[in-house]
Amino acid sequence: MGFSDDDCALLLELLELPTVSPLETSDPPQLWQAQRRYARAAEELGFRVLHHGPPDPGVLDRDDVPETVRRAGPEFLDAQPSLLLRLGPELPRSETVMFNVHLDTVAGLEPVGLRGGRFTGRGAIDAKGPAVALLSGIRDALPALGDDVAVLLQVVSGEEGGAMGTYGTRPLVEQGHVGRLNICCEPTGLRYLPRSTASMTARVRVDGQGSIDDRPDAGHNATALLGFLAQHLASRLDTTDRPGRLCVAGLRTGDLHNRVYGSGQLLLNLSYATTAEGAAAEKELQRAFEDGIAEFRERFSGSREFARTARDAAAITHLDWVKRGLPCLDDTDPWAEDLLERAGARRWPDEEPAFTCDAIWMHDLPGCFTAVLGPGRLDTNHAHADGEHAERAELEEFAAVVSALLTEFARHRTGEEHDAA
């Protein structure tokens, strides 16, 4: 059947519903409505709703929950439900396939439409389009599934806005709603990616005393100090020795020309491919920060305008963490990877960097394999940017891969059966 006209209508309905993460906007999202509409479409295929609601507020009381999420909660969670659906009977993990997809989006509404086979609108490729194509593929695979295969759908909130899946995907995974094969639906160009990076965000704060421009020496110059540290950290942490990337991000002290600002902050984001790499990068950042303070003090101790800032730099400058301690996914399973390739998915090249998504919460699951897979690409389809779009042909190709993957899984439901075949 492929990606039908009904699928097109469903996707356009979902795109019309604004579901921007509340971490990025003050406008109330219509995530409840979007998930209910999606559930109705899934129920037409035989799915049953196992859960639809927000998580327990206790999910925010953890050290690895980003500060922005903890600061926003727990009241905002009422508008951040997740939906769990099952097709088929309740079966052991070895007989189950789980798909994870998110319906929340980043900010920046895009015109919704379908013209010349191209869907436009926020979420077209990330990830409302893949969510609808997923149902299309499952529908085509129904004859092969019978009562021997269970399919779980996690339709989550909290993927965007820096929430990192901490209140959407993670609770569902920790409750055991996973399968032998788990697919996190994100744009990968139909290449399966068995890896997902994580990131940590450091904040360098200066809490000093400002002054007027006529007496710049009387205050602490947070602009000079943070600007120096930004360059120092960029130089020290800009390395090709590790896969992760460094983003020297926002620096803010003030906007006026005739003030010495005594306080401000600098943000840095570091991604990492393994937990060990992340721990090493965290230690290196701490060392580089301390060395930067010492170098600033030495360089400006004899300055007329910045001597006080240099003298007090260690006392007024602090490094803390907005986000850290998140896991990474780095999975391998010859049986599952062979299954994906026979379904038409190519492997993501090992030398090409991975990206961050909710798949991190499926790391180290016993008896499971997880990969990221979806239509389109984050860059060429302009996810998170102006002009986000999804081609109908891309969604049809993804639906075909989903159908083939489920059909192959039904034939060879465990690695042992496959090895014996």
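This is a predicted model: local features need pLDDT of at least 70, side-chain atom pairs count only at pLDDT 80 or more; totals for chains, interfaces and linings use all residues.

A: Aspartate 61 counts as exposed because its relative accessibility is 68%, where exposed means over 50%. This aspartate sits in the loop that runs between strand S1 (48–53) and helix H3 (67–72). Between aspartate 61 and proline 74 there are 13 residues in sequence, and their C-alpha atoms are 9.8 Å apart in space.

Proline 74 itself belongs to the loop between H3 and strand S2 (82–87), and the peptide bond joining glycine 73 to proline 74 is cis, with omega about 0°. A cis peptide bond also joins aspartate 126 and alanine 127, where omega is about 5°; alanine 127 is found in the loop between strand S5 (118–120) and H4.

The largest share, 5 residues, comes from H1. The space in this pocket amounts to about 200 Å³, and its lining divides into 5 nonpolar and 6 charged residues, with no polar ones; among them are Asp6, Leu10, Arg37, Leu135 and Arg139.

Returning to the backbone, aspartate 364, although not a glycine, has a positive phi of about 60°, and it lies in the loop between strand S17 (346–347) and strand S18 (369–372). Aspartate 364 is exposed, because its relative accessible area is 71%.

Key: Residues are numbered from 1 along each chain as its sequence is written. Side-chain values use heavy atoms; hydrogens and water are left out. Helices (H or I, at least four residues) and strands (E, at least two) are DSSP runs, numbered from the N terminus. Buried means under 20% relative accessible area, exposed over 50%, partly exposed in between (1.4 Å probe, protein chains only). On a 1 Å grid over the protein atoms alone, a cavity is a set of points where a 1.4 Å probe fits but cannot get out, and a pocket is an open set with protein on both sides within 12 Å along at least five of seven lines; lining residues have an atom within 4 Å of a point. Grid points are joined across faces, edges and corners, and a volume is the space filled by probe spheres set on the points. Ala, Val, Leu, Ile, Met, Phe, Trp, Tyr, Cys and Pro count as nonpolar, Asp, Glu, Lys and Arg as charged, and the others, Gly among them, as polar.
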